[in-house]
Amino acid sequence: AALREELALGPCPSYHYLAMSGCTEVPGRNEVKELREMDEAFDALGFKECKHDIYRLCAAILHLGNVTFVQGNQGVDSSSIAEGSKAALSAAARLFGCTDDSLRMAITFRTASFGKGSAIHIPLTMEAAADMRDAVCKAVFDRLFDFLVLTCNHSLFKGDGDMHIGLLDIFGHVPQHSNRSRCILVIYPLNVTPNTHDEAIIPLP
């Protein structure tokens, strides 16, 4: 409860990134128990000193994903933070460790450099600002994920050699109800030729 309050987290469906799938609850899952187990795993894997920062970054991403935009004072080619999402921007900025204004500038303007030390800020349209918001969230998540995998590798493997964690993502998956033809074209070859797929993606010595 204390952590939730510090991170200003609300119900799962209230976050745009989590609600996009339309499924925010899985029957039979004890998420409180799973969170406790994950927290203990963080301690065991060498994240004890930084796990709080991991939680903060994940929460910041959720808050930033809730930021929406309206047309700015400079017309259709500019944007500003919608009044109803300024609280989400403030929460994200606090968790990222920056000011509200610096985060606002980062997602509603782009910077163009000219000459030595000269730069101008060019406003982004509402659509471009939304894309920038998502790009910032993706970049933070991407760096956080790389950090997690790297730290796990260092913690789990203490010997010599080139052993490491590997993740296999079967690219091209499509929900069957949305595009049956594409689903058949993608999934069927992977099922009938799994060894060929594995050898192509993960060459063995």
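Q: Which residues in α7 do Ala-106, Ile-107 and Thr-108 in α6 meet?
A: In this predicted model, α6 and α7 pack at an angle of about 115°, and their axes lie 7 Å apart. By class, the residues of this contact comprise five nonpolar, one polar and one charged. On the α6 side the contact is made by Ala-106, Ile-107 and Thr-108, and the residues they meet in α7 are Ala-129, Met-132, Arg-133 and Val-136.

Q: How many helices and how many strands does the secondary structure of the protein chain come to?
A: Read from the N terminus on, the elements of the protein chain run α-α-α-α-β-β-α-α-β-β-α-α-α. The secondary structure therefore begins with helices and ends with helices, as that order is written with definitions that number runs from the N terminus. The total comes to nine helices and four strands.

Q: Are α4 and α5 roughly parallel or roughly antiparallel to each other?
A: The axes of helix α4, residues 51–65, and helix α5, residues 86–96, come within 8 Å and cross at roughly 160°. Angles over 145 degrees count as roughly antiparallel. The two helices, α4 and α5, are therefore to be described as roughly antiparallel.

Q: Is the crossing of α4 and α5 left-handed or right-handed, and which residues make the contact?
A: The crossing of α4 and α5 is left-handed. The contact is made on the α4 side by Arg-56, Leu-57, Ala-59, Ala-60, Ile-61, His-63 and Leu-64, and on the α5 side by Ala-88, Leu-89, Ala-91, Ala-92, Arg-94, Leu-95 and Phe-96. By class, this contact has 11 nonpolar, one polar and two charged residues. To return to the two things asked, the crossing is left-handed, and the α5 residues of the contact run from Ala-88 to Phe-96 in the list above.

Q: Which elements do the buried residues of α5 pack against?
A: The buried residues in α5 are Ala-88, Leu-89, Ala-91, Ala-92, Ala-93 and Leu-95. Just after this helix, Gly-97 takes a positive phi of about 85°. The elements against which the buried residues of α5 pack are α1 (2–6), α4, β2 (75–81) and α6 (100–108).

Q: Is α3 oblique or roughly perpendicular to α4?
A: Helix α3, residues 31–44, packs with α4 at an angle of about 130°, the axes being 10 Å apart. In this contact Leu-35, Met-38, Asp-39, Phe-42 and Asp-43 of α3 meet Lys-51, Ile-54 and Tyr-55 of α4, and the residues divide into five nonpolar, no polar and three charged. An angle from 65 to 115 degrees would count as roughly perpendicular, and the angle found here makes α3, relative to α4, oblique.

Q: Which elements do the buried residues of α7 pack against?
A: Helix α7, residues 126–156, has 31 residues and reaches 45 Å from its first C-alpha to its last, close to the 45 Å expected at 1.5 Å a residue. Its buried residues are Ala-129, Ala-130, Arg-133, Cys-137, Leu-144, Thr-151, Cys-152 and Asn-153. They pack against α2 (16–19), α4, β1 (69–72), β2 and α6.

Q: Which residues does Thr-151 touch, not counting residues up to four places away in sequence?
A: Thr-151 is found in helix α7, and at 14% relative accessibility this residue counts as buried. With residues up to four places away in sequence left out, Thr-151 touches Leu-45, Gly-46 and Phe-47.

Q: What separates the C-alpha atoms of Thr-24 and Pro-13, in Å?
A: Thr-24 lies in the loop between α2 and α3, and at 28% relative accessibility Thr-24 counts as partly exposed. Not counting residues up to four places away in sequence, Thr-24 touches Cys-12, Pro-13, Leu-18 and Ala-19. Thr-24 and Pro-13 are 11 residues apart along the chain, and their C-alpha atoms are separated by 6.1 Å.

Definitions and conventions:
Residues are numbered from 1 along each chain as its sequence is written. This is a predicted model: local features need pLDDT of at least 70, side-chain atom pairs count only at pLDDT 80 or more; totals for chains, interfaces and linings use all residues. Side-chain values use heavy atoms; hydrogens and water are left out. Axes are lines fitted to C-alpha atoms, for helices over the stretch in contact, and angles run from 0 to 180 degrees between N-to-C directions. Angles under 35 degrees count as roughly parallel, over 145 as roughly antiparallel, 65 to 115 as roughly perpendicular and the rest as oblique. A crossing is left-handed if the near helix is turned anticlockwise from the far one by less than a right angle, and right-handed if clockwise. Contact means heavy atoms within 4.5 Å. Ala, Val, Leu, Ile, Met, Phe, Trp, Tyr, Cys and Pro count as nonpolar, Asp, Glu, Lys and Arg as charged, and the others, Gly among them, as polar. Buried means under 20% relative accessible area, exposed over 50%, partly exposed in between (1.4 Å probe, protein chains only). The expected span of a helix is 1.5 Å times one less than its number of residues.
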